[in-house]
Amino acid sequence: MAPPKTRAAFSTEGHGRAGMGFRTRILGAAAGGGLPQWNCGCGNCRRARAGELPSLTQSSLAVTADGKEWAVLNASPDLRVQLAACPALAPTGPREVPLASVLVTNGDIDHVAGLLSLREMQPFTLFATAGIHEVLAASPVFAALNPDVVRRESVALDVPFDLVAGLRATIFAVPGKVPLYLEGDVVETQAIGEQTVGVRLDAGGRTAFYIPGCAALTTDLAARVDGADLLLFDGTLWTDDEMIRLGLGRKTGARMGHMAMSGPDGSIAAFAPLRIGRKVFVHMNNSNPVLDPDSPERTEAEAAGWIIGQDGMEITP
Ligand code: MLT
Ligand code: MN
Ligand code: ZN
């Protein structure tokens with residue numbers, strides 16, 4: 001299909017029998033920093049500030065199987081405004097919300113800082129691997145999530161569990177690294193373990209994958225996602241050395257634990273042979289040229305069958 005070019009939030013309905021009420025909503029399509037990033041004067045950030053590009057909040061996805069009960073996958077620093085912008089997640093009573101659980105896929109700041117915005121004595125379950133829970137437990141600030149109301153549940157890799165009513169989730173290890181703030185002198189950038197996971201979501205006979213951070217598409221991961229109805233995947237950078245070339249930093253995408261979109265080793269080429277219903281880029285860094293709807297890179301990604309995720313975009317798997 002030819003993905004629509006748009007600057008506004010919109011809905012993308014699935015083909016055929018959509019699962020009963022199975023819905024994903026991109027709360028934030030940008031990587032850490034957002035668009036514009038507070039201290040960034042790159043072309044995209046300047047244009048976003050000027051209103052010439054849509055601004056994007058940081059990495060988060062909401063999912064539901066019945067339209068009533070929701071889970072949030074990754075709690076970004078922008079979560080408060082993201083929830084305020086999502087009518088389906090608005091409170092239904094004095095202290096009642098449709099949000100039942102939060103799952104974090106790594107301990108990165110852009111995926112956990114928003115937990116601090118959920119500290120108002122509201123019950124929910126916080127799912128993560130035991131390894132990520134250890135990272136959170138080591139930061140006393142997260143004790144703001146009162147254990148009397150917020151249940152921290154460790155989930156094992158490759159063991160399905162109920163994320164919210166009617167929605168099964170399975171987390172699995174993807175190549176990645178520890179959070180920046182835990183990096184030692186030597187950093188394994190394609191570690192496989194409990195620090196970086198992807199999520200498989202199953203409801204109503206439909207399958208979606210959410211993988212916002214991934215350093216490489218292994219054969220194991222390719223086999224796992226092949227045949228899925230929907231894939232939301234790490235779109236951090238267009239080219240591996242993009243931040244260096246733009247004078248924005250000294251690290252490659254590979255060093256940051258992210259595979260680039262373009263080139264022979266990029267995600268567009270890697271996923272091309274797989275049968276996936278719809279492919280959507282999320283977790284895009286503000287330096288990524290695809291964020292400009294009129295860029296040749298955007299045209300190339302869309303021609304390859306990818307949708308460039310936007311804040312507020314809802315997709316029925
Ligand atoms: C990443 O996705 O590489 C991290 O969010 C970077 C960071 O922690 O700032
Ligand atoms: Mn990130
Ligand atoms: Zn920028």
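Q: How far is an oxygen atom of ligand 1 from an N or O atom in the side chain of Asp-108?
A: This is a predicted model, where local features need pLDDT of at least 70, side-chain atom pairs count only at pLDDT 80 or more, and totals for chains, interfaces and linings use all residues; side-chain values use heavy atoms, leaving out hydrogens and water. Residues are numbered from 1 along each chain as its sequence is written, while chains are lettered from A and ligands numbered from 1 in the order in which they are written. A polar contact is a pair of N or O atoms within 3.5 Å. Between ligand 1 and the side chain of Asp-108, the distance is 3.3 Å.

Q: Which residue has a polar side-chain atom 2.9 Å from an oxygen atom of ligand 1?
A: Asp-108 has its side-chain N or O atom 3.3 Å from a ligand oxygen. For His-258 the value is 2.8 Å. The residue at 2.9 Å is Asp-110.

Q: What share of the accessible area of ligand 1 does the protein cover?
A: Take His-258, with a side-chain N or O atom 2.8 Å from a ligand oxygen. On its own, ligand 1 has 270 Å² of accessible area (Shrake-Rupley method, 1.4 Å probe). The protein covers 76%.

Q: What is the phi of Met-121?
A: Met-121 sits in the loop between helix 3 and strand 6 (124–128). This residue is not a glycine, yet its phi is positive. The value is about 55°.

Q: Is the peptide bond from Leu-35 to Pro-36 cis or trans?
A: Most peptide bonds are trans. Pro-36 belongs to the loop between strand 2 (23–28) and helix 1 (43–49). The bond from Leu-35 to Pro-36 has omega near 0°, and it is cis.

How values were computed:
Polar contact = N/O pair within 3.5 Å; in protein donor to acceptor, adjacent residues only side chain to side chain. Helix = DSSP H or I, 4+ residues; strand = E, 2+ residues; numbered from the N terminus.
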